[in-house]
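Here is a friendly note to read alongside the model. Please keep the viewer open and look up each residue as you reach it.

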Amino acid sequence: MNLYSSVSFIFFTFIALQILPLTIQQSAESCSSTLPLNDLTFNSSLLQCVEAWTRQNYILRYARTAENTWTFILSAPDSSVFIGIGFSTNGQMIGSSAVVGWLPPGGGRGQAKQYFLRGQSPGEVTPDQGDLVIVNGSLKIESVSSRLYMSFQLTAETPRQSILYAKGPAGFFPSSPGFMLREHQSMTTTTINYNTGSQSVVKGSPHSKLRKTHGLMNMIGWGVLMIIGALIARHMKQWEPTWFYSHIAVQITGFLLGLTGIVCGLVLENRTNASNVSTHKALGIAILVMGGLQVLALLARPDKESKYRKYWNWYHHNIGRAMIIHAISNIFYGIHLAKAGTSWNAGYGSAVGILALAAIGLEVRKILNK
């Protein structure tokens, strides 16, 4: 019996090892693979090929198959998602026109449409619009050997060189009547030379450094240092006058960093023509005004014996609290607008959580010491 089991195990393992490469080969592809499409109306040997998105195994084949007519074939693993290719003037998603295709569940007929990417929210991605001149009847998508093949023809002297690739969320497919898209699962941006077939991957958007600086300066300045300064003023007064100078130093540093972050944000808005940041911008300006009032309060600080001191304390403390609450809210809102991901939410959330626990602990100690 043991011998029989061992022989069976070896036999089935051998069969599995033979089948596994075939299964992988079905979904994986390279530029050296034969194009498995039989209904092409042109010579497939004309096609140039680039491994467009290596991590997702996106392969792009293209050629000028007639005067001012370019044929594109994008292939990707069929993983129950939509696939997309966008053509951009500046390497950014906003303002681009894209071709998106999908096969609905249950093996229905594939659908592909042009979309205009007016903004980043789903409501700003409009189906059946865009400035790509697609040849009538050329747009289609099909599944062959566990891969999607989306093909289309563009009328253009030379297509745009900045190309975006997108992969949709698992299990979601646009449907009638709106055919709205959800946010992509992941995307990448490349530039391509149509003459040589060379391609380079764009490492982040053209304004990614400015966007990160804007976020980090505001996060550290308004969202961390201002809280630390408030804790110093409330719980460290037994160390006179160290607490006072520490409080001023931390708050002024936070104000300057926050001011830098807001200036970066205004520059970023101007360069990207962002259309969905009006609320975020208004909150940021309100926070800057409250921060400025806090700085001015230092200059108008009355003596402890003054009858106006209690009014000054009320003003200084409550403006500070309002500023901190608005800053925390606006930072999380900014992370949401920028689609920065869970790492930014988790990082700043952890910092706020630690500061909140410290504040609670210091309040408990203060109550117990009374």
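1. **Phenylalanine 255.** Let us start with one side chain: phenylalanine 255 counts as buried because its relative accessibility is 16%. Buried here means under 20% relative accessible area, exposed means over 50%, and partly exposed lies in between, with a 1.4 Å probe and protein chains only. Please keep in mind that this is a predicted model: local features need pLDDT of at least 70, side-chain atom pairs count only at pLDDT 80 or more, and totals for chains, interfaces and linings use all residues. Residues are numbered from 1 along each chain as its sequence is written, and side-chain values use heavy atoms, with hydrogens and water left out.

2. **Its aromatic partner.** Which residue forms an aromatic pair with phenylalanine 255? The partner is tryptophan 222, in an edge-to-face arrangement with 5.8 Å centre to centre and 90° between the planes. Rings of Phe, Tyr and Trp (its six-membered ring) pair if their centres lie within 6.5 Å; planes under 30 degrees apart count as stacked, over 60 as edge-to-face and the rest as tilted. Tryptophan 222 sits in helix H2 (residues 208–235) and phenylalanine 255 in helix H3, so the pair ties together parts that are 33 residues apart in sequence. Tryptophan 222 is buried too, because its relative accessible area is 4%. Helices (H or I, at least four residues) and strands (E, at least two) are DSSP runs, numbered from the N terminus.

3. **Other aromatic groups.** The whole structure holds 15 aromatic pairs. One aromatic cluster is made up of Tyr62, Trp70, Phe72, Phe87, Phe152 and Tyr194.

4. **The annotated histidines.** An unreviewed UniProt entry gives the annotation "binding site" to His214, His247, His280 and His316. Of these, His247 and His316 are included in the lining of the second largest pocket. UniProt positions are given in the numbering used here, feature names are shortened, and annotations may be inferred rather than shown by experiment. As for pockets, the search uses a 1 Å grid over the protein atoms alone: a pocket is an open set of points with protein on both sides within 12 Å along at least five of seven lines, a cavity is a set where a 1.4 Å probe fits but cannot get out, and lining residues have an atom within 4 Å of a point.

5. Histidine 247 belongs to helix H3 (residues 242–272), while histidine 316 belongs to helix H5 (residues 309–338). Are they buried or exposed? Histidine 247 is buried because its relative accessibility is 11%, and histidine 316 is buried because its value is 16%. Leaving out residues up to four places away in sequence, histidine 247 touches Gly229, Ala230, Ile232, Ala233 and His316. Contact means heavy atoms within 4.5 Å.

6. **Transmembrane annotation.** The unreviewed UniProt entry also places "transmembrane region" at residues 215–233, 245–268, 280–299 and 344–364. In the model, residues 215–233 are 100% helix and 0% strand, with end C-alpha atoms 26 Å apart. Residues 344–364 are likewise 100% helix and 0% strand, and their end C-alpha atoms lie 30 Å apart.

7. Strands of a sheet pair through backbone hydrogen bonds, either parallel or antiparallel. Here, an open sheet of five strands runs in the order S1-S2-S3-S9-S8, with antiparallel pairing. S1 and strand S8 (140–144) are the edges, each with a single partner strand, so one side of each is left without a neighbour in the sheet. Two strands pair if DSSP finds at least two bridges between them. S1 (residues 48–53) and S2 (residues 58–66) share four bridges, S2 and S3 (residues 69–77) share seven, and S3 and S9 (residues 147–155) share nine.

8. **Two hairpins.** How many residues lie between S1 and S2 in their hairpin? There are four, and asparagine 57 in that turn has a positive phi of about 60°. The S2 and S3 hairpin has two residues between its strands, and asparagine 68 in the turn has a positive phi of about 55°.

9. **The seven-strand sheet.** Another open sheet has the order S7-S6-S5-S4-S10-S11-S12, with antiparallel pairing. Its edge strands are S7 (125–127) and S12 (199–201), each pairing on one side only. Threonine 188 is in strand S11 (residues 186–192), and counts as buried because its relative accessibility is 14%.
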